[in-house]
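Subject: Structure handover

Hello,

Here is the structure for your files. My notes on what was found in it follow below the view.

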Amino acid sequence: MLTKMDSNETPRVELSVVAPMFNEAENLDYFFERLNGALKKLGVTYEIVCVNDGSRDGTFAGLLAHREKNPAIKVVDLSRNFGKDIALTAGIDHAKGAAVIPIDSDLQDPPELIEEMVKQWRAGFEVVYATRRSRQGEGIFKRVTAYLFYKLFDSMSDVKMPRNTGDFRLMDRKAVDALMRMPERNRFMKGLFAWVGFKQTAVMYDREKRHAGTTKWNYWKLWNFALDGITGFSSIPLRVWTYVGTFVSFCAFLYALFLIVLKIVYGNNVAGYPSLMVAVLFLGGIQLITLGVLGEYMARIYNEVKGRPLYLVRDKHGC
C-alpha cells in the first residue's frame, strides 16, 4: 500500500487524521493525548488536520497552543460555522496523507482503533470503516430512530450504507480523490463515503460516552440530517406521489360510480356538504404534502445552481 520515495522528494505523509471541531475546548487536551499516543505507536509519518468550525469557546486558541507543541497539527479556521459535514469536507480537502481518517474530537470514537484500521489498509483494503457494537450514552429513542433511518435509507436508495457506522474510518488516497470530485452543497457524508465504493471492510468497536461537553445535535437537526440523506440519494419520494395520485383518482372514480348507482337504484339524495368537505380536505392535504416533497428537491437544486463555495477559510496554520 505504501510506496518508496526518491531521495530528493519531500517525505510522504502516510496518515492524515481529520478532526472537525465546534466548541470542543474541554476535550482538546485528552483528545490530543490519546490521538498522539495512538499515532506514535504506529511509527508512521502523520498529520492531524483540525478544522475550527466557527467555535465560540476557546477551541481555536487551544488548537494553536497544541500546534506549538506538535507541528504535525494543522489548523484550518473557517470563517463561520458551516456544519459538521462541510467542516469535514474542508479537512479532507487539506489532508495530504496516503490515507485519511476522519474522527470526532469528543472521543466517542477511540483513536486506539486506528492501529487496526491501518493493518486492514496494509492488507489491501481501500476503505476501513468502524462499526459500533454498542452505543454508550445514547437513549433507546435515539437507537430506535437510528435503526429505522438506516433501514428506510437502504430500502429507498441504491447505495447500501453500513449499519451503525459513522464518519470514523480510514480511506485510501484513491477513495479520497474520488470523494473530492463531488462538490455538492447538501453533503450527507455517510452516503458519500458509501457511494464511492472501492474495497471495503469493517472493524468493530464499542462506542464510548462523550469525554466532556454536550452534543451539538438535537432531534430537529437529526430530522434535517435524515432528509438530506434521503433526498440526496433517492428519487423515490418524488415517484411515490404518482402512485398516490393514481390511487386517489381510482378511489374517487369508484366512489362516483357508487353514488350514481345509489341514486338510480334507490333514489337517495346524494350526500352534500359533509362528503364534499372530506374530499376537499383530503385532496388538499395530499397536494400540500406533494408540494412539500417537490419543495425539498427544488431547494436543493436552488442551492446547487447558485454555485457558492462549500466553505470559506479565515486562516490556516501549518497547511
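**Overall picture**

Of the 319 residues in the protein chain, 44% are buried, where buried means under 20% relative accessible area, exposed means over 50% and partly exposed means in between (1.4 Å probe, protein chains only). This is a predicted model, in which local features need pLDDT of at least 70, side-chain atom pairs count only at pLDDT 80 or more, and totals for chains, interfaces and linings use all residues. Residues are numbered from 1 along each chain as its sequence is written, and side-chain values use heavy atoms, with hydrogens and water left out.

The secondary structure of the protein chain consists of ten helices and eight strands; these are DSSP runs (helices are H or I with at least four residues, strands are E with at least two), numbered from the N terminus. Among contacts with a separation of 6 or more, 83% are between residues 24 or more positions apart; contact means heavy atoms within 4.5 Å.

Two packed helices are described by the angle between their axes and the distance between the axes. Here the axes are lines fitted to C-alpha atoms, for helices over the stretch in contact, and angles run from 0 to 180 degrees between N-to-C directions.

Helix H1 (residues 28-42) and helix H2 (residues 59-69) have axes that come within 10 Å and cross at roughly 35 degrees. On the H1 side the contact uses Leu28, Asp29 and Phe32, and on the H2 side Thr59, Gly62, Leu63 and His66. By class, the residues of this contact are three nonpolar, three polar and one charged. Ala, Val, Leu, Ile, Met, Phe, Trp, Tyr, Cys and Pro count as nonpolar, Asp, Glu, Lys and Arg as charged, and the others, Gly among them, as polar.

H1 also packs against helix H4 (residues 114-122), at an angle of about 35 degrees and with the axes 9 Å apart. This crossing of H1 and H4 is right-handed. Leu35, Leu39, Lys41 and Leu42 in H1 meet Ile114, Glu115 and Val118 in H4. The contact of H1 with H4 has five nonpolar residues, two charged and no polar.

Trp121 is also in H4, and counts as buried because its relative accessibility is 1%. Its C-alpha atom is 8.3 Å from that of Met171, although Trp121 and Met171 are 50 residues apart along the chain.

**Buried residues and their neighbours**

Helix H3 (residues 84-94) is mostly covered, with nine of its eleven residues buried. Among the buried residues of H3 are Asp85, Leu88 and His94.

Asp167, in strand S6, is buried because its relative accessible area is 6%. Leaving aside neighbours within four places in sequence, the contacts of Asp167 are Lys84, Asp85, Leu88, Pro102, Met189, Lys190 and Phe193. Asp167 and Met189 are 22 residues apart in sequence, with 7.4 Å between their C-alpha atoms.

Arg173 lies in helix H6 (residues 173-179) and counts as buried because its relative accessibility is 18%. Not counting residues up to four places away in sequence, Arg173 touches Ala95, Lys96, Gly97, Ala98, Val100 and Met180.

**Two backbone exceptions**

Most residues other than glycine have a negative phi. Leu107 is not a glycine, yet has a positive phi of about 70 degrees. Leu107 is in the loop between strand S4 (99-102) and H4, and is buried because its relative accessible area is 1%. Phe198, also not a glycine, has a positive phi of about 70 degrees. Phe198 sits in the loop between helix H7 (189-195) and S7, and counts as partly exposed because its relative accessibility is 36%.

Regards

How values were computed: A crossing is left-handed if the near helix is turned anticlockwise from the far one by less than a right angle, and right-handed if clockwise.
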